[in-house]
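Open the model in your viewer and keep the selection panel at hand.

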Amino acid sequence: MATGRTHRPATRSRGIPEATVARLPLYLRALTALSERSVPTVSSEELAAAAGVNSAKLRKDFSYLGSYGTRGVGYDVEYLVYQISRELGLTQDWPVVIVGIGNLGAALANYGGFASRGFRVAALIDADPAMAGKPVAGIPVQHTDDLEKIIEDNGVSIGVIATPAGAAQQVCDRLVAAGVTSILNFAPTVLSVPDGVDVRKVDLSIELQILAFHEQRKAGEETAAGDGALPTAAARGAAADDSADQGPDGDVPAVMPA
């Protein structure tokens, strides 16, 4: 079976924009749900609504894949599942290591969606000697002393960091030195990596803070509407800032790369 070390996704070489790549998993999730219900075809409007985007953006995204659908019929669901899975590199096996098996790391290890999406948890690694050998999600935890050997033996190119912030950079450096070229970082810190290494950062507190901002703004707008007042200069400035921060497709990714 192919491993992540020797096969890389072709999206960048094919010139697919990063914003489109970020939406492909949304389309795949919606298409998989349709496939499970044995739905043979889907219109761009239906699929866009299921994925949470507008249909014009969806059609543009699919044009990068060379998929244009059939007028009056729509898109073939099974073919699109295969096509998007291939572009995302999910038609092969991607061994993954999770470093840091605290509450979050254990929850990730127990997540059932990895295997169905082309990812295999090859190893769980933790610095606590008391964790060594302890099974989590049926996988025995291994000590960080063996990190480099584990990566080499399993051909790992994707690492997940779920350690405390203070340990994250050191773990990152060791992963990169051992050959890992893609990292999903759950630690609340920004990682420094060399060119050629991709990092995606997931920070739940930041996402909650963004939601709090929008809740506060909605409350302010409701108050202003109730008073019959015009938007303040600060509110207008905030709206302008929102527009400036949006990408070329007008969307702000929920998970920002580090």
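Exposed means over 50% relative accessible area, buried under 20%, and partly exposed in between, with a 1.4 Å probe and protein chains only. This is a predicted model: local features need pLDDT of at least 70, side-chain atom pairs count only at pLDDT 80 or more, and totals for chains, interfaces and linings use all residues. Residues are numbered from 1 along each chain as its sequence is written, and side-chain values use heavy atoms, with hydrogens and water left out.

**Stop 1**

Helices (H or I, at least four residues) and strands (E, at least two) are DSSP runs numbered from the N terminus.

**Stop 2**

Show the strands. Seven of them form an open, mixed sheet in the order E5-E6-E4-E3-E7-E8-E9. E5 (135–136) and E9 (198–201) are the edges; each has a single partner strand, so one side of each lacks a neighbour in the sheet. Two strands pair if DSSP finds at least two bridges between them. Zoom in on E7 (158–161) and E8 (182–185), which are parallel over four bridges. Here Gly-159 stands opposite Ile-183.

H8 lies across E3, E7 and E8 and runs at about 170° to E7. Axes are lines fitted to C-alpha atoms, for helices over the stretch in contact (heavy atoms within 4.5 Å). Angles run from 0 to 180 degrees between N-to-C directions.

**Stop 2: the charged pairs**

How many salt bridges are there? The count is seven, taking a side-chain nitrogen of Lys or Arg within 4 Å of a carboxyl oxygen of Asp or Glu.

- Select Arg-59 and Glu-45: their side chains meet at 3.6 Å, N to O. Arg-59 is in H3 and Glu-45 in H2, so the pair ties together parts 14 residues apart in sequence.
- Select Glu-148 and Arg-174: the closest N and O atoms are 2.9 Å apart. This pair links H7 to H8 across 26 residues.
- Select Lys-149 and Asp-153: the closest N and O atoms are 2.6 Å apart. Both residues are exposed.
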